[in-house]
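Please look over the sequence and the model before reading on.

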Amino acid sequence: MIAPTPITTQRLLVIDDNPAIHEDFRKIFGTGGGSAQLDAAEAAFFGDAPPVAEPARYAIDSAFQGQEGLACVQAALVEQRGYPLAFVDVRMPPGWDGIETIARLWEADADLQVVICTAYSDYSWDEMIAKLGASDRLVILKKPFDNIEVLQLAQSLTAKWHLARQVRAQIRDLEKEVATRTAELRQSEAYFRVIAENVRDLVTVVDARGAHVFHNAAYERVLGIPTEELGRTAPVDLIHPDDQIRVVLATHGVLESGAAEEFIYRMRHQDGSWRMLKAQASPVRNPRGEVERLVIVARDISAPPQQEF
């Protein structure tokens, strides 16, 4: 069997008005002894040899009233060393009872796992839910409790607490990565727009369905059509009727094959004349390798090229 990852010292909080209970918990969580008991019990049940690994270690902090327990939790949070788990007694006269104590603890630290210890039926489970709300952070432990049961709860609930913190840390890292990539994408889009708006060629972007996404200002320079008017007219409508099917088939072919393709077609100038254009449609793939955009760059070849300086 795989050896468990070594666990550092876990700080647990016991809130109970009976000093003897605190001593009982300290005996249960004695250095190495408690973990050895649990390992031996698991080995006897599952038929395996006890794992050779550093035993779980626990440090017990004591509070004898609910108010004192809340102060401990608040101080631990200030020091950024919150408690994974608290064992809370139900009856603690003359102060808060266990249910009110737990409610106050969760207001301070919503991640705290709680084992409520009781020898009486002071509250039914439904009454606890009504006062505290449904939660997977609460477990009931009846007194007198078994040492192995206490150890199992401590190991399971502290592991659950650490796992939840790791998940949140991973989510924060992912959110930072998404924010960084989003900023990079926006910067790339800004670069693209600056370049596209300043080239002499006509630049058009269509999506995987062939729907128009973007066109640059060269349309106005080459075809004499104001940008705002072109925004109301699909570029394909300006293509010569005899060339439309060929252009549509070419762009669909690029979407399906993912290979760039060149084609020649005519587009109507605002003055009614036709301009001959040579274009290349190039695919843009998403991270899954699927073609989700086409960038079509077209050059006017109907007039002799201008001299470059």
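Leaving aside neighbours within four places in sequence, which residues is Val291 in contact with? They are Ala208, Leu255, Gly258, Pro283, Val284 and Arg285, where contact means heavy atoms within 4.5 Å. The model is a predicted one, in which local features need pLDDT of at least 70 and side-chain atom pairs count only at pLDDT 80 or more, while totals for chains, interfaces and linings use all residues. Residues are numbered from 1 along each chain as its sequence is written, and side-chain values use heavy atoms, with hydrogens and water left out.

- Val291 lies in strand 10 (residues 291–300); helices (H or I, at least four residues) and strands (E, at least two) are DSSP runs, numbered from the N terminus.
- Val291 has a relative accessible area of 15% and is therefore buried. Buried means under 20% relative accessible area, exposed means over 50%, and partly exposed lies in between (1.4 Å probe, protein chains only).
- The C-alpha atoms of Val291 and Val254 are separated by 8.7 Å, and the two residues are 37 residues apart along the chain.

**Packing of helix 3 with helix 4**

- Two packed helices are described by the angle between their axes and the distance between the axes.
- Helix 3 (residues 66–78) and helix 4 (residues 98–108) pack at an angle of about 15 degrees, and their axes are 10 Å apart. Axes are lines fitted to C-alpha atoms, for helices over the stretch in contact, and angles run from 0 to 180 degrees between N-to-C directions.
- Helix 3 is therefore roughly parallel to helix 4; angles under 35 degrees count as roughly parallel, over 145 as roughly antiparallel, 65 to 115 as roughly perpendicular and the rest as oblique.
- Helix 3 contributes Gly66, Gly69, Leu70, Val73, Gln74 and Leu77 to the contact, and helix 4 contributes Thr101, Arg104, Leu105 and Ala108.
- The residues of this contact divide into five nonpolar, four polar and one charged. Ala, Val, Leu, Ile, Met, Phe, Trp, Tyr, Cys and Pro count as nonpolar, Asp, Glu, Lys and Arg as charged, and the others, Gly among them, as polar.

**Salt bridges of Asp243**

- The count comes to 14 salt bridges, a salt bridge being a side-chain nitrogen of Lys or Arg within 4 Å of a carboxyl oxygen of Asp or Glu.
- Asp243 forms a salt bridge with Arg246, and the closest N and O atoms are 2.7 Å apart. Because Asp243 and Arg246 are three residues apart in helix 9 (residues 241–257), about one helical turn separates them.
- Asp243 also forms a salt bridge with Arg266, with 2.9 Å between the closest N and O atoms. This pair links distant parts of the chain, since Asp243 is in helix 9 and Arg266 is in strand 8 (residues 261–268), 23 residues apart.
- Asp243 is buried at 3% relative accessibility, whereas Arg246 is partly exposed at 38% and Arg266 is partly exposed at 26%.

**Salt bridge of Lys143 and Asp16**

- The side chains of Lys143 and Asp16 meet in a salt bridge of 3.2 Å, N to O.
- Lys143 is in the loop between strand 5 (138–142) and helix 6 (147–198), and Asp16 is in the loop between strand 1 (10–15) and helix 1 (19–28), so the pair ties together parts that are 127 residues apart in sequence.
- Asp16 is buried at 3% relative accessible area, and Lys143 is partly exposed at 23%.
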